[in-house]
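I opened this entry to keep track of what I looked up, going from the whole chain to single residues.

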Amino acid sequence: MIKAADLPETLSVFPLPGALLLPRSRLPLHIFEPRYLAMLDDALKTRERLIGMVQPNEVPGRDDNGLHTIGCVGRITQFSETDDNRYLITLTGVSRFRVMEEIDGFTPYRRCKVSWDGFAHDLGPTEHDTGFQRPAFMDLLKRYFEQLDLSTDWDTLKDADDELLINSLSMLLEFSAEDKQALLEAPSLSTRRETLVTLLEFALRGGAGEDLMQ
């Protein structure tokens, strides 16, 4: 288990639109670009094996490759190499972080100075949502899946604990990058669930159909 003292002041970051990583959740990634292969090789040489996931922040009329302020660092917990020198990896979320500034350097990938202030509970035990009304939530989720003609293992979802269910859906459902960022920045599991419910209800009313179907 990674402790607060193990978290570095600088991170290699992977700005991937629409990819959401949350603490204690798992994100599979396919790494093939040379700069990110270099990032992965460097991360694997360290004891913690950390990579920061952060959303690009595209501002209309500006072309400065900006980043969102909040990201989540993950530890490489699984990896395999293909015959053509690509990697299939799994990141397990450790803690969110705040980007303080980007660091100029000689690496082909981006690196940032980060702060962990305000995210100490990410390193703690599994969160519980005391206000979670599971039957009503599952009914909403079924209507959403039916509208988009999606299928899933409902028995697995029914038996999943609160955090696993809410975080997995937040990561896997096809929301916009900005919606994913809102889910990431939710200060607690209950507020993330409330945000997720709002997004599902909005989609059912047809307000975000195009974004969700991309």
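This is a predicted model: local features need pLDDT of at least 70, side-chain atom pairs count only at pLDDT 80 or more; totals for chains, interfaces and linings use all residues.

Entry 1, the whole protein. I looked up the secondary structure and found 7 helices and 6 strands. In sequence order they run β-β-α-β-β-β-β-α-α-α-α-α-α. I then checked the radius of gyration, which is 18 Å; the globule rule gives 17 Å for 214 residues, so the protein is as compact as a globular protein of that length. The C-alpha trace spans about 50 × 40 × 40 Å along the principal axes. I noted that 44% of the 214 residues count as buried. Of the contacts with a separation of 6 or more, 68% are between residues 24 or more positions apart.

Which residues of helix 5 are buried? I found K180, Q181, L183 and L184, within a helix that covers residues 177-185. They cover an arc of only 160 degrees around the axis, so they sit on the same side of helix 5. I recalled the general point that an α-helix has 3.6 residues a turn, so residues three or four places apart point the same way. Next I asked what the buried residues of helix 5 pack against.

I went on to helix 6, where R192 is placed. R192 touches L183 and L184, among other residues, and both of these are on the list of buried residues of helix 5. Does R192 count as buried or exposed? R192 is buried, yet I found no salt bridge for it. The nearest side chain of opposite charge is E127, 4.8 Å away, and a salt bridge would need the charged atoms within 4 Å. What I did find is a polar contact of 3.1 Å between the side chains of R192 and N167.

I looked for P28 and found it in strand 2, residues 26-31. P28 is exposed because its relative accessible area is 62%, and the cut-off for exposed is over 50%. Leaving aside neighbours within four places in sequence, P28 is in contact with I89 and T90. I also noted L88, which is 60 residues from P28 in sequence but 7.3 Å from it in space, C-alpha to C-alpha.

Key:
Residues are numbered from 1 along each chain as its sequence is written. Side-chain values use heavy atoms; hydrogens and water are left out. Helices (H or I, at least four residues) and strands (E, at least two) are DSSP runs, numbered from the N terminus. Buried means under 20% relative accessible area, exposed over 50%, partly exposed in between (1.4 Å probe, protein chains only). Contact means heavy atoms within 4.5 Å. The arc is that of the directions from the helix axis to the C-beta atoms. Lys and Arg count as positive and Asp and Glu as negative; His and the chain ends are not counted. A polar contact is a pair of N or O atoms within 3.5 Å; within protein, one must be able to donate a hydrogen and the other to accept it, and residues adjacent in sequence count only if both atoms are side-chain atoms. The radius of gyration is taken over C-alpha atoms; the globule rule is 2.2 Å times the number of residues to the power 0.38.
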